[in-house]
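Please examine the model shown below, and then follow the explanation through its chains.

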2 protein chains.
Amino acid sequence: MSNPQLTPVSYVVLGMVAEGATTSYDMKQKASRSVGYFWNFPHSQLYAEPAHLVELGLLDEEREAEGRRRRVYSLTPAGRTALADWLREPTSEQPQIRDTGLLKLFFGDGMSADEIAALARAQEETHRARLAVYETIADSVTSPNHAAVVRAGLLHERTFTEFWREVAATPP
Amino acid sequence: MSNPQLTPVSYVVLGMVAEGATTSYDMKQKASRSVGYFWNFPHSQLYAEPAHLVELGLLDEEREAEGRRRRVYSLTPAGRTALADWLREPTSEQPQIRDTGLLKLFFGDGMSADEIAALARAQEETHRARLAVYETIADSVTSPNHAAVVRAGLLHERTFTEFWREVAATPP
DNA sequence: CCTATCATGTAATCCGTTACATGATTAT
DNA sequence: ATAATCATGTAACGGATTACATGATAGG
């Protein structure tokens, strides 16, 4: 039974806690080098969302007695079940690309060939940079599932680097 | 000079009006067969956002005297300028993939090989279906810019169809 | 003429972002 | 010691989604 109150970020939190993250800052660090590359969000959500999940009984919260008095989270049995159910349940939402560059190209009738080429070069550079990041982290990834997602990222960035290169070479 | 109050959807509206859409329903129809494939949003935004743009002086609104009394929108000079400025201004935001399937794969340590294969087959099917859509509309597209974006969509869907096919064949 | 669906919106809610704020730790 | 930055939040706002609602048009 999936809970309609849970958003993708809810499951990102549950997933990271399941992987061993215990504090919000911990999740922030972990996300910034992994899942954050393809599903980005501000760090404030990593403080707000665990509180929500505690309310729902999916996380336990303990407070450090000393020092920073951090909130330390752990999965409850219900939380573990919610994560497992979500993983197995078929996904209905269509994958979305949110790419401002593509949006500009789409509505670019008012641009000259030079301006389109400039846009394309900038986009190519963006994708090339991200590609380099993925190539760097590809080696340090241990989990096979994480590796598979990095591979998806590599393929994606290669596809779009090449796409924009072609657009830059021969503006539509 | 870019207006910080304008969101991507604002420019989608401005762009569609520039392309000749005049009413919210018109935009809805147009979007559902084009830009909506890679930047989706509910139709209610196509009723709310034009009102906002009228307030900002970027759209003109006229009301039909008869029948449905639809609101008919057109670009003001300021609106045309805002769109043109946005097109030329370099994009800063990183492109994002929002793909629940990838998220599940990423956190899929709790899944068996069979379950991962099932997820992969479902995702492959989703991408294959979308690929078929793009192949169908590729012919009917007239604008070269729209054609380029459809091509990006084709490349993207081919990449991910193949990716998930491999995952289904050999789960990580 | 009646019904189904098309077309056109409004309202409420909530998620996500932005901005702000401040206590703890580390470096110099 | 002091400054810098790391770490940990909170508050407010607004955009986006969901749900609701109802008037027009077309098909039978």
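B:Ile97 is the residue of chain B that comes closest to the rotation axis, its C-alpha lying at 2.4 Å. This is a predicted model, in which local features need pLDDT of at least 70, side-chain atom pairs count only at pLDDT 80 or more, and totals for chains, interfaces and linings use all residues. Residues are numbered from 1 along each chain as its sequence is written, chains are lettered from A and ligands numbered from 1 in the order in which they are written, and side-chain values use heavy atoms, with hydrogens and water left out.

The axis belongs to a rotation of 180° with 0.0 Å of shift along it, which superposes chain B on chain A with an RMSD of 0.1 Å. The two copies are therefore related as by a two-fold rotation axis. For this comparison, copies are superposed by least squares on the C-alpha atoms of residues with pLDDT of at least 70 in both. Of the interface residues of chain B, 100% are also interface residues in chain A, so the copies meet through the same surface.

DNA strand C is surrounded by 16 residues, where a residue is near a strand if one of its heavy atoms lies within 4 Å of it. The closest are A:Pro42, A:Gln45, B:Tyr25, B:Tyr47 and B:Arg70. Of the atoms of DNA strand C that come within 4 Å of the protein, 72% belong to sugar and phosphate.

Individual side chains can also be considered. An N or O atom in the side chain of B:Arg70 is 3.2 Å from a phosphate oxygen of DNA strand C, and for B:Arg71 the distance to a phosphate oxygen is 3.2 Å.

Methods. Contact = heavy atoms within 4.5 Å. Polar contact = N/O pair within 3.5 Å; in protein donor to acceptor, adjacent residues only side chain to side chain.
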